[in-house]
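Colleague: I have a few questions about this protein. Can we take them one by one?

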Amino acid sequence: MPAVARRDRPRHRTLIHRRRPLLRARRGRALDLAAIAAAAVAGLACTGLAVAAGSRPSILRAPTISGQSVAGTLLRAHHGSWSHRPGSYSYAWRRCDRAGRRCRTIARANRASYRLSAKDIGHTLRVAVAAANGGGRSKAALSAHTSVVAAAAGGAPPAPVQHLEYVFDDGVVSVYDIDHAQQLVKTISLPQTSSGIRGVAVSPATHMLFVSYGGDGGGNGNGSVLAYDLVGERVVWSVRLNGGIDSGAVSPDGRLLYMPCGENCSSGIWNVLNTNNGAIVGKIQGGAGPHNTIASADGRYVYLGGRNHNYLGVYETASGSVREIGPLVAGVRPFTVNGSNTLAYTTATGFDGFQVSSVVTGKVLFTVPFGPVPGGFPFTAPSHGISLSPDERELYVIDSVHRQVQVYDVSRVLQGVAPVRVASISVPGFSGDEHPCAYDCGQDGWLQHSLDGRFVYVGDSGAVIETATRKAAAVLPTLANTRKTLEIDWSGGVPVATSTRSGVGMVG
């Protein structure tokens, strides 16, 4: 397949504040293209660029750990500073004696965060971080040890964590217990959303669920957003916007909601809402047809997917500017990113397959087609669903042409190795329309990993894929009629973690 045409440098746009004119951000510095070299990949029908070999990263400032040393508390690792521009980081948490010596690696504790358990009481913790770039992988650098882990107040054991999957149909939310065979445990009535749910987002920091519903910027009218208190189980506010809505994202601190004006909106605007009351406090100029949104876990970036724009926008919250990734094969449809904000995985209108791009350079690295799209195929996006495993080793992508979910090994993409298909999973669905449904009812699908990576939820199919066996472990009837889902984890009566609508990477 011929290589995708590329632009020399990304375009920039800026944040529009109230009562301020639209300003065009100055262009950034020229990209360092010397670090990119063309790579041919045998046996895979794709094109790409590989990161050129060079010096491996070396540690400049040791990693650190933040968080209280109390059982039940979440610790976070900060990867420190490294030379030679690492593209990814890996983590290994270690349980040590009270002096920080005689450490043992904790099984399966390989993310940028770690929740202390009763086993950690009386011990200290350290984290080992390794960095990688095109030149290879560094030696691990070890953080200083934490203070000795104490029991929770009153000596109470840490509260257990309940992992729940929320499935949003128009007007009603079904809640399933992930740890107990996906059993239905409750339903929540939101009758006002019967006009058509477009997006959902959760802030554990504020205990708020945000639901966008109504028109998507076209003939379906204007849209609305509501804030629902998950603990108090009540709608706190609801606002009707003078324009459409779509699938938004909330900032990590829960203060801002980034809301696209809808896939049928021609302005390319993402409204920025104050989550205290729903008031619009700013606007971001992105690509035409504002549709899907992802906010990075560190709060530095907001990724803007315009359905009618063949570039993925990257809004930088510190500078208020927007740069672009692409050009892509067509308008951006479902997409995901890795935890270190170095890779983006996108699907596109009229394309059965996916692309991998560098967030750093804005260039397409690999284009992976599944095959031709038959004439008269009913869905405009044959791969309307993409999800990256939390450990960033596997990518799940919908292939509605063949009614399958394709699974690819993407663990070495940053080293210039193309994605390798490892499984094709047949699932039901991907035909006909959702019913009942307000509008935009085609069952074209969606994908979302659970936070622990054990399951993948297939929207418009109902299938719940167990990743260890790559087989459907359950079928949720309400999931067969929607593509809006996310996970919310609870502990001690409050939400403590959430996924987004998209399965994103969690390796910081």
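Colleague: Which residues does glutamine 404 touch, not counting residues up to four places away in sequence?

Modeller: Bear in mind that this is a predicted model. Contact here means heavy atoms within 4.5 Å. On that basis glutamine 404 touches Val397, Ile398, Asp399, Ser424, Ile425, Ser426 and Phe430.

Colleague: Does glutamine 404 count as buried or exposed?

Modeller: Glutamine 404 sits in strand β35, residues 404-409. Its relative accessibility is 18%. Buried means under 20%, so glutamine 404 counts as buried.

Colleague: What share of the protein chain is made up of buried residues?

Modeller: The chain has 508 residues. Its secondary structure comes to 0 helices and 42 strands. Its accessible surface comes to about 20800 Å², with 51% belonging to carbon and sulfur atoms. Buried residues make up 55%.

Colleague: How much space lies in the largest cavity?

Modeller: A search of the whole structure finds 3 cavities of 30 Å³ or more. The space in the largest cavity is about 100 Å³.

Key. Residues are numbered from 1 along each chain as its sequence is written. This is a predicted model: local features need pLDDT of at least 70, side-chain atom pairs count only at pLDDT 80 or more; totals for chains, interfaces and linings use all residues. Side-chain values use heavy atoms; hydrogens and water are left out. Helices (H or I, at least four residues) and strands (E, at least two) are DSSP runs, numbered from the N terminus. Buried means under 20% relative accessible area, exposed over 50%, partly exposed in between (1.4 Å probe, protein chains only). Accessible areas come from the Shrake-Rupley method with a 1.4 Å probe; for residues, only the protein chains shown count as cover. On a 1 Å grid over the protein atoms alone, a cavity is a set of points where a 1.4 Å probe fits but cannot get out, and a pocket is an open set with protein on both sides within 12 Å along at least five of seven lines; lining residues have an atom within 4 Å of a point. Grid points are joined across faces, edges and corners, and a volume is the space filled by probe spheres set on the points.
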